[in-house]
Amino acid sequence: MNYRPFGKTGIALSEIGLGAWGVGGTQWKGGTDDEALGALRLAFDLGINFVDTALAYGDGHSEKVVGRAVREHGRPVFLATKIPPMNRVWPAQSGVSLATVFPAEHIRKSTEISLRNLGVDTIDLQQAHVWNPDWTQQDEWRRSFEELKRSGKVRFIGASLTEHDPDSGLDLIRTGLIDAVQVIYNIFDPSAAQSLFPLAKKMGVAVLARVPLDEGGLTGAITETTTFPRDEFRAFYFKGDRPRQVVEHVNNLVADLKGVPGDLPEIALRFCLSGDAVTSVIPGMRRERHVRANIHASILGPLPQDVLTRLAPHRWDRNFYT
């Protein structure tokens, strides 16, 4: 496993982190706690030292499973979690006030619940789970996060940016008040590299690359007839004609990657690792085989420039979150 600086903090994180949304057991079906614990234990043993979870993942269940695995491991693991919007709306909607989404008491209370779920005294990185750039200059979120840091409940702060809108975090980064941003970055949506990456590097803000496999679209496992349980997130994400669209784009991508070693998920992760502003890539890992495969991408490292040039035309502007 290779490690990269977490912004200007002096901390080094594994460049492959473990995204724990699927560990929550509700929005992603088909896994068990025993499988998740096995994946977490293996990840720690193989050098992963960073887990990203959220209070909203299974209403705290993901945090509890992650916390158990960390306590069993017995060595330091950098833990990131997120405060859910109080109105439970993802992404943040234009025109909705900060007081409706992140009032001070909600920030404090959510953090204390996460501390109990994780079984720790301090959260390494606490993040707003949605962000609206209209809030950036408002004082309430600043005071709330500063108080969390002063109290010792939180070491660093950040935000998870709006889907397919990395520029929504530019003014937030410019404030100098945050330590990290979490942003979608993958072969289909490389837009964060245009403006956000250079600014984050300049400001010493860590970048966490989420959705590196496009919620499964870049695994190559989606077919035109793929279906998911009706109450699972992927049933919405891949609804209607979307599986056919994914297959068409993936087939074109694979054809252009002929001769490049490795399978599609491995290449997709190596694409993310090629972003020089990226601190850590956080694919979901619910099973041990996912851990082994994803760590192999770190061993191989960033893609050569000629492969990145081949990938550039495969940018796909669309939003399956709506």
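I count rings of Phe, Tyr and Trp (its six-membered ring) as a pair if their centres lie within 6.5 Å; planes under 30 degrees apart are stacked, over 60 edge-to-face, and the rest tilted. With that rule I found that ring pairs link Trp21, Tyr57, Phe188, Phe228, Phe233, Tyr237, Phe238, Trp316, Phe320 and Tyr321 into a cluster.

**Ground rules.** I am working on a predicted model, where local features need pLDDT of at least 70 and side-chain atom pairs count only at pLDDT 80 or more, while totals for chains, interfaces and linings use all residues. I number residues from 1 along each chain as its sequence is written, and side-chain values use heavy atoms, with hydrogens and water left out.

**Overall.** I looked up the secondary structure and got 12 helices and 10 strands; helices (H or I, at least four residues) and strands (E, at least two) are DSSP runs, numbered from the N terminus. The radius of gyration is 19 Å, close to the 20 Å of the globule rule for 322 residues, so the protein is as compact as a globular protein of that length. I take that radius over C-alpha atoms, and the rule is 2.2 Å times the number of residues to the power 0.38. Along the principal axes, the C-alpha atoms fill a box of roughly 55 × 40 × 40 Å. I find 57% of the 322 residues buried, where buried means under 20% relative accessible area, exposed over 50%, and partly exposed in between (1.4 Å probe, protein chains only). Of the contacts (heavy atoms within 4.5 Å) between residues at least 6 apart in sequence, 77% join residues at least 24 apart.

**Cores.** I define a nonpolar core as a set of buried Ala, Val, Leu, Ile, Met, Phe, Trp, Tyr and Cys residues joined through side-chain atoms within 4.5 Å. The largest one holds 92 residues, and Val51, Phe102 and Leu196 have the most contacts inside it. Another core lies apart from it, with 12 residues, among them Phe50, Ala80, Leu125 and Leu208. Not counting residues up to four places away in sequence, Leu196 touches Leu161, Pro166, Leu170, Ile173, Val181, Val183 and Val207.

**Rings.** My search of the whole structure returned 20 aromatic pairs. One of them is Phe78 with Phe156, stacked at 6.3 Å centre to centre and 15° between the planes. Phe78 is in strand 5 (residues 78–83) and Phe156 in strand 7 (residues 154–160), so the pair ties together parts 78 residues apart in sequence. I have Phe78 as buried at 5% relative accessible area and Phe156 as buried at 12%.

I also checked for charges over rings (NZ of Lys or CZ of Arg within 6 Å of the ring centre and within 35 degrees of the ring normal). The charged end of Arg318 sits over the ring of Trp316, 4.1 Å from its centre. Arg242 lies over the face of Phe236, at 5.9 Å from the ring centre.

**Two loop residues.** I placed Glu15 in the loop between strand 2 (12–14) and strand 3 (18–19). Glu15 is buried, at 4% relative accessible area. Beyond its neighbours within four places in sequence, the contacts of Glu15 include Met1, Arg4, Leu273 and Ser298.

Asn132 is in the loop between strand 6 (123–128) and helix 5 (139–151), and I have Asn132 as buried at 6%. With neighbours within four places in sequence set aside, Asn132 is in contact with Ala92, Gln93, Ser94, Gly95 and Val96.
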